Amino acid sequence: MIGGNANEPVQQSILPGLLQILRAAQSNGGPIPRGLLGNRGLVASSLPSEQPPQSDDTTPPVQYPVGADGMPMQPASVKRGGFGFPALDGALTGYGAMNAAPPRPQSGGSLASVMNGLGPAPNPQTAPQQLPTQTPPPMGAERGGLPQLPGSVPALARPNAAPAFDYDAAMAALLPKKPKGKGIFGSGVQWYDALGLVGDALAAAGGGQGGYGNTMLARRMEDDKRRFEAMRSLTEWRHSDAARQQQADLQANQPFTLGRSRYQFEPTTGRVATLQTAPPDFETYAASQGFEPGTPEYNQAAQDYILRGNGPTAVGLDASLDDHRTGNRVRLEGVRAGNRSALEGQRQAGRASLRSMPTYRDLHPSAGGGRGGSIPTVSTPQEAMALPPGTKFRTPDGRVKIR
Amino acid sequence: MTVNPYRNLAAAAGGDVGAQRALAQMSVDALCNPDVDREATLREGLVFARMAAAHPTGATDGDAARVISMLALHARYSPDSEQSIILGEAFARYSALVARGVEVEGVDFDDLIAHAPPEIVTCALNVQDAMREGLEA
């Protein structure tokens, strides 16, 4: 009995929650087998192999793999320095060695190594013969990559989707971890919680200080602070992301011109809206002529704008101009031919009139003796013979001969 | 606040139960520091707490209760594979207190041990046997 009569229980009631759990288990689960510890202490009959306890905790018993030496293997304890003492290699490595019969090299000299064989005896039928298959490390870890947040999806798994930041995974990583397991009677209260509170109660009754409750209170305050910091960080990240997204949306929302149209991107829907589409220039030209769309004149005007000097109007004008020139050339040719004909007629008439007009010789015949004018005309050959030798004479047919 | 465990170390080694209690409590107090390795600190503090609880003349039931609280803390910060061993010792020490009539009102040790996982009970029995053997030696 701590600090009082041995028959009087400790007047400390600091476990109302634990009591409720125990009473609820008694009322729901039927009578709890009593007398397992008939001498109010631990006895061998408490072993589950003889009388398994009525517990809804379905956690299987711990079965450690068997090592090369045939002894069960347990995870090695971490050797770290404590509250001021340097790390003692091989010392105080603990409870893992309590379960192994031969002292393990790294546990020699510790209290735990002295207490070898205190753990549950391994069952050779159920103990695994090999080390359990180790889960391979996540990709990137063995290559020195950054650790991956739990729950985040790798970018390669969604090549077509923009990688989004997983706030839930980040929050889960930042928040303090909750204890695993169902706890006592599935209530979530762990066994170490129950024993810690019992130890605190007993220590307080003895005038001491257990420290479990105070430590847990400090831990809870630390967790609350950590939770607050995590929430604040997440809120800042969300606000920052929202601000950047808004800025990006505003920038992407600016209208832009493509071709003859004005477009605007809508980031919320991912669609592009057409604000305005300007008509083509040929339509503007045809409309400016006062033509109605679809009429032959409208179509011809559109073709004229596009084809320019080769359009139908230009070609028509060229053809008419050529016709005009051709007509002019034909008419000019007729004028020229008439002029030539008239000139030739005038020439013919001039020549005819010139032939009919007597010449000066005709009007003034030579008396003879003169050159050319004194040639006698003979009628017969005898008369020609009568002329002096060397004299020129003219025959009756007009030929001039010499005697 | 900086603590110097070496101030009490010589006295604790010489059998001063007060120094042993101080060192054990120092490890518990250090747990409030988030930069401290809780598991290692508790491992070292438990050595002195066990010494104080096993002191032949100065040990009290409060020292044994402190060991139970520290073992519970140690189980909380230890891997799941080691919790049954740690909690087994806590149950064994609790059982020793109950055997001496030291109990907490409203907490039935028999009910508690009846609902405990089998591996914890097995470890508790082994630790209890070892403690008895150590007292007899």
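Okay, let's start with helix α5 of chain B, residues 80-99. With 20 residues at 1.5 Å a residue, α5(B) should span 28 Å, and its end C-alpha atoms sit 29 Å apart, so the two agree. One thing to keep in mind as I go: this is a predicted model.

So where does α5(B) sit? Well, 17 of its 20 residues are buried, so the rest of the structure largely encloses this helix.

Let me step back to chain B as a whole. Of its 137 residues, 64% count as buried. And if you take the contacts in chain B with a separation of 6 or more, 59% of them come from residues 24 or more positions apart.

Now the packing, which is the part I'd like you to look at on the screen. Take α2(B), residues 17-30, and α3(B), residues 38-53. Their axes are 8 Å apart and the helices pack at an angle of about 155°. That makes α2(B) roughly antiparallel to α3(B), because angles over 145 count that way. The crossing of these two is left-handed. On the α2(B) side, the residues in contact include B:Val17, B:Leu23 and B:Ala24, and on the α3(B) side they include B:Gly45, B:Phe48 and B:Met51.

Go on to the next pair, α3(B) with α4(B), the latter being residues 61-76. Here the axes come within 9 Å and cross at roughly 165°. So α3(B) is roughly antiparallel to α4(B), and once again we have a left-handed crossing. Among the α3(B) residues that meet α4(B) are B:Leu42, B:Leu46 and B:Ala49, and their counterparts on α4(B) include B:Val67, B:Met70 and B:Leu71. B:Gly45 is worth a click: it is among the α3(B) residues meeting α2(B), and it is also among those meeting α4(B).

What about α2(B) against α4(B)? Their axes come within 11 Å and cross at roughly 25°. That makes α2(B) roughly parallel to α4(B). The contact is made by B:Val17, B:Arg21, B:Ala24, B:Gln25, B:Ser27 and B:Val28 of α2(B), together with B:Asp63, B:Arg66, B:Met70 and B:Leu73 of α4(B). For handedness, α2(B) passes α4(B) in a left-handed crossing.

A quick word on cysteines. How many disulfides are there over all chains? The count is 0. In chain B, B:Cys32 is partly exposed, at a relative accessible area of 40%, whereas B:Cys123 is buried, at 1%.

For contacts with a separation of 6 or more, residues 24 or more positions apart account for 26% in chain A.

Still, chain A has a well-covered piece, and that's helix α4, residues 191-205. Its 15 residues should span 21 Å at 1.5 Å a residue, and the end C-alpha atoms are 21 Å apart, so that agrees. How many of its residues are buried? 12 of the 15, so the helix is mostly covered, since buried means under 20% relative accessible area. Among the buried ones are A:Trp191, A:Tyr192, A:Asp193, A:Leu195 and A:Asp200. After α4(A) comes A:Gly207, with a positive phi near 85°.

Two loop residues in chain A before I stop. The first topic is A:Pro255, in the loop between α5 (212-252) and β1 (256-258). A:Pro255 is partly exposed, with a relative accessible area of 33%. Leaving out residues up to four places away in sequence, A:Pro255 touches A:Arg262, A:Tyr263, A:Gln264 and A:Leu275. For A:Leu275, which lies 20 residues away along the chain, the C-alpha atoms are separated by 8.2 Å.

The other is A:Arg308, in the loop between α7 (296-307) and α8 (312-356).

Technical notes:
Residues numbered from 1 in each chain as written. Chains lettered and ligands numbered in written order. Predicted model: local features only at pLDDT ≥ 70, side-chain atom pairs only at ≥ 80, totals over all residues. Heavy atoms only, no water. Disulfide = S-S within 2.5 Å. Buried < 20%, exposed > 50% of the residue type's maximum accessible area, 1.4 Å probe, protein only. Helix = DSSP H or I, 4+ residues; strand = E, 2+ residues; numbered from the N terminus. Expected span 1.5 Å × (residues − 1). Axes fitted to C-alpha atoms, helices over the stretch in contact; angles between N-to-C directions. Parallel < 35°, antiparallel > 145°, perpendicular 65-115°, else oblique. Left-handed = near helix turned anticlockwise from the far one by under 90°. Contact = heavy atoms within 4.5 Å.
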